[in-house]
Amino acid sequence: MNAKKRFDIFARLRDHNPEPTTELHWSTPFELLAAVLLSAQATDVGVNKATARLFPVANTPQAILDLGLDGLKEHIRTIGLYNTKAENLMKACRILVEQHAGEVPRTRQALEALPGVGRKTANVVLNTAFGEPTIAVDTHIFRVSNRTGIAKGKDVVEVEQKLLRHVPREFRQDAHHWLILHGRYTCLARKPRCGSCVIEDLCEFKDKIDL
């Protein structure tokens, strides 16, 4: 795929959705960090239902610690893998309190040092909470990038590196959101809705489905 086609793709995605954002509900960097940590192998809708119960009670690292592990589990038990996620969130909160004065750090190294926080979660926080032009690659973005030809790669790190290299600078801040929403609602895994896709004529996928 050439540079002009990539530019046109992101220009159309921008025209279609000028202000994309995460579908997770959050109001502070810590709430976003907690929500993304809880969202692994879970839907944003399910996480939002759980955090709607949790955040009014505890939405800071210290408040989560005060809630206790069992108390935290009670609030998030509807989320898959909630036992492991609760333990990771508690450990992360302790580090935030003891090493970062209760604040979410703004560096990748410090974020990835938190239990349960990998590269994808760190990228989401850096991008969405702190305005860094990072691109978090999840299964949707990996699929869309490879299928369309925007950035082909064998793994998420390779796709991320190619996206950072090939996405025009003016689109880089919002690229993550455009691609994930496109993968979630249009470029579906089993039956992509090519017939209703705003970038169908620019996409290099050979087996398009007219849905």
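Good morning. A salt bridge here is a side-chain nitrogen of Lys or Arg within 4 Å of a carboxyl oxygen of Asp or Glu. The pair joins distant parts of the chain, 199 residues apart, with lysine 5 in helix H1 (residues 3-16) and glutamate 204 in the segment after H11.

This is a predicted model, in which local features need pLDDT of at least 70, side-chain atom pairs count only at pLDDT 80 or more, and totals for chains, interfaces and linings use all residues. Residues are numbered from 1 along each chain as its sequence is written, and side-chain values use heavy atoms, leaving out hydrogens and water.

Helices are DSSP runs of H or I, at least four residues, numbered from the N terminus. By the salt-bridge rule the count comes to eleven. Among them, glutamate 158 pairs with lysine 162, the closest N and O atoms being 3.6 Å apart. Glu23, Asp44 and Arg184 are linked in a network of salt bridges.

I turn now to helix H8. Eight of the eleven residues of H8 (residues 119-129) are buried, so this helix is largely enclosed by the rest of the structure. Buried means under 20% relative accessible area, exposed over 50%, and partly exposed in between, with a 1.4 Å probe and protein chains only. Just after H8, glycine 131 takes a positive phi of about 75 degrees.

Which helices do the buried residues of H8 pack against? They pack against helix H2 (29-38), helix H7 (108-112), helix H10 (156-166) and helix H11 (169-185). Thank you.

Key
Helices (H or I, at least four residues) and strands (E, at least two) are DSSP runs, numbered from the N terminus. Contact means heavy atoms within 4.5 Å.
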